[in-house]
Amino acid sequence: MRARAGHRTDGAPTDPSRRPSSPARGGTASLVTKIDLIPPHGGVLIDRRLAGSDRDRSLERAESLPAVTLNAVSLSDLELIGNGAFSPLTGFLGSADYRSVVDEMHLANGTVWSIPITLAVTREVADGLPDQGDVALRDDAGRIVGILELAEKYTYDARHEAQQVFRTDEEAHPGVARIYAGGEVYLGGEVHVLDGPQDPPFAAFRREPAQTRAIFAERGWRRVVGFQTRNPIHRAHEYLTKVALEVVDGLMIHPLVGDTKSDDIPADVRMRAYETLLADYYPEDRTLLSVYPAAMRYGGPREAIFHAIARKNYGCTHFIVGRDHAGVGKYYGTYDAQAIFDEFGPDELGITPLFFEHTFWCSACEGMASLKTCPHGDDQHLILSGTKVREMLSAGEAPPPEFSRPEVAKILIDAYRTPAGSR
C-alpha cells in the first residue's frame, strides 16, 4: 500500500492532535462535535434535479419538446450528474470540455476530469433537433426523465477518443465498442433531471452523495476509504480493505451495479455475497455497503482517476487502487492504474489513493501476504486464475477457504448452477 503521507487531502499539514477518536462500538456520533467532510470535486456538490411545482411545469412542457431516447449508460450518467456524483459536471460535455478531457484529462477550466461524459446520437436524430434549445430526454419506455438545454451539436473522431481514453482503438475492447456503436454527433448542454429510475434494484443500498456524506458525519468518520468493485470479494480483497480500514475511520464498500459486460457476475449475485461477507467478517459500526449505479467503462488508468473523483464526491477521503483497476483483457499494465496518479498533484485530485500489490495466501506465512511482505517462493502462494475459479464454481467445487470464504463460494456455486433467466 502506498499513500501520500504527511498531508491532508486538502494539502494542509496533518495535525495528529486533531485525529478524532472513533465512536465506541455501539456508540453514537455525539462523541464528535464537528465533522469537516472533504469538499466535493470542484468545491460544490451539484444537484440538477427538479422537484415540486418546478418539476411539474417542466414535465408538462417537455411533452411538446423534441426528444432523444437515452440508452442504459446515458441514463445512469444522467442520474449521477443529477445527484452530484459527477460534480462538477452540470450536463453532458460540450466540445471545448470534451476535447480537453480527451487530450488533457482536464475540463476546459483546468479541473481534473479523465472520462468524457457525452450524449451520442445519430446524425439523423441530430438533424431533427434545433441547434440550441430544450430537448426532452426519455428512457427506452418513452418516459420523460429529464431535459437537456442543448447548447451545441458537434462531431468527433471516435478512433482518436478510443485511443486517448482506452489506449486502444480495437473494437474488442468493450469501452471502444460502445463508442463505435454510438451516433456520429455529440449533444452538449446542461441537464435538469425530472425522474430517477423506476423501481431501481438494491433500493435499500442506493444512496446519493448527500446521503453518504450525512452518514459519515453522523458516525463521526473524518477519514473514509472507498472500495470500488464489480466482482465478489475474495480473501485478497478482504485483506486489502481491512488493511486500509486500519488507517481510516470507516470503509465504504461501493460496488458498481450499472451496465457491465455480459460475462461479469450479475450484480444481484454479488450483492448477496457482499451482504453475507460484511455480516460475518467486518465491524458493522465501521463499514457501509452502498451501491454505485454507474456504467462500467473498462478504462483502466483513466477510469481509476474517474472512480476516485466520484468517491470523493460521495465523501471519501481515501480510495483503494489495486492491481489492474478497471482493466479488461491485456490492454493495460498491471500497475498502470496506480502510476497515472503520479501525473496529478494531491491538490488537483483532493483524494488520497491507497495502492496495493497483488495479495495471496502464503502457506509458509500462514496468512494473507503480498510480494512486499512475503519472503517465500511462488510454491508457497495460493494463486488461482479467474478461469480456474470459474471452472471450479461451474463444477460445484468450492475454491479453497484460503482463497474465498465458504459462505461466499456457496452463493457463487448456486448462481452458476441456476440458469441465467431464472436467477
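This is a short talk on some local features of one predicted protein model.

Thanks for coming, everyone. A word on conventions: residues are numbered from 1 along each chain as its sequence is written. The model is predicted, so local features need pLDDT of at least 70, side-chain atom pairs count only at pLDDT 80 or more, and totals for chains, interfaces and linings use all residues, while side-chain values use heavy atoms, with hydrogens and water left out.

Let's begin with confidence. pLDDT is the predictor's confidence in each residue, from 0 to 100. Its mean for the protein is 90, and 91% of the residues reach 70 or more. Residues 1-33 stay under 50, and for them the model has 59 contacts beyond four places in sequence, a contact being heavy atoms within 4.5 Å.

Now to the strands. Helices (H or I, at least four residues) and strands (E, at least two) are DSSP runs, numbered from the N terminus. Is strand β8, residues 250-255, buried or exposed? Six of its six residues are buried, so β8 is largely enclosed by the rest of the structure. Buried here means under 20% relative accessible area, exposed means over 50%, and partly exposed is in between, with a 1.4 Å probe and protein chains only. G250, M252 and H254 point one way from β8, while L251, I253 and P255 point the other way. Alongside runs β7, residues 224-229, which pairs with β8 in the parallel sense over six bridges; strands pair if DSSP finds at least two bridges between them. Within that pairing, G226 stands opposite M252.

On to the loop between α2 (72-82) and β2 (91-92), where N83 lies. N83 counts as buried because its relative accessibility is 8%. A polar atom of the N83 side chain lies 3.0 Å from the backbone nitrogen of A85. Beyond its neighbours within four places in sequence, N83 is in contact with I46, R49, E208 and P209. P88 is found in the loop between α2 and β2 as well, and the peptide bond from S87 to P88 is cis, with omega near 15 degrees.

How many aromatic pairs does the structure hold? There are eleven, counting rings of Phe, Tyr and Trp (its six-membered ring) with centres within 6.5 Å; planes under 30 degrees apart are stacked, over 60 edge-to-face, and the rest tilted. Y98 and Y156 form an edge-to-face pair, 6.3 Å centre to centre with 75 degrees between the planes. This pair links distant parts of the chain, 58 residues apart: Y98 is in helix α3 (residues 95-104), and Y156 is in the loop between β5 (144-155) and α5 (158-166). Both of these tyrosines, Y98 and Y156, are buried. The pair of F216 and W221 is stacked, because the ring centres are 5.6 Å apart and the planes are at 25 degrees. F216 and W221 are both buried too. Ring pairs also link Y98, Y154, Y156 and Y186 into a cluster.

D199 is not a glycine, yet has a positive phi of about 45 degrees. D199 sits in the loop between β6 (185-193) and α7 (209-219), and is exposed, with a relative accessible area of 75%. E366 also has a positive phi, near 60 degrees, in a residue other than glycine. Its place is the loop between β12 (359-362) and β13 (367-370), and E366 is exposed at 66% relative accessible area.

Notes. A polar contact is a pair of N or O atoms within 3.5 Å; within protein, one must be able to donate a hydrogen and the other to accept it, and residues adjacent in sequence count only if both atoms are side-chain atoms.
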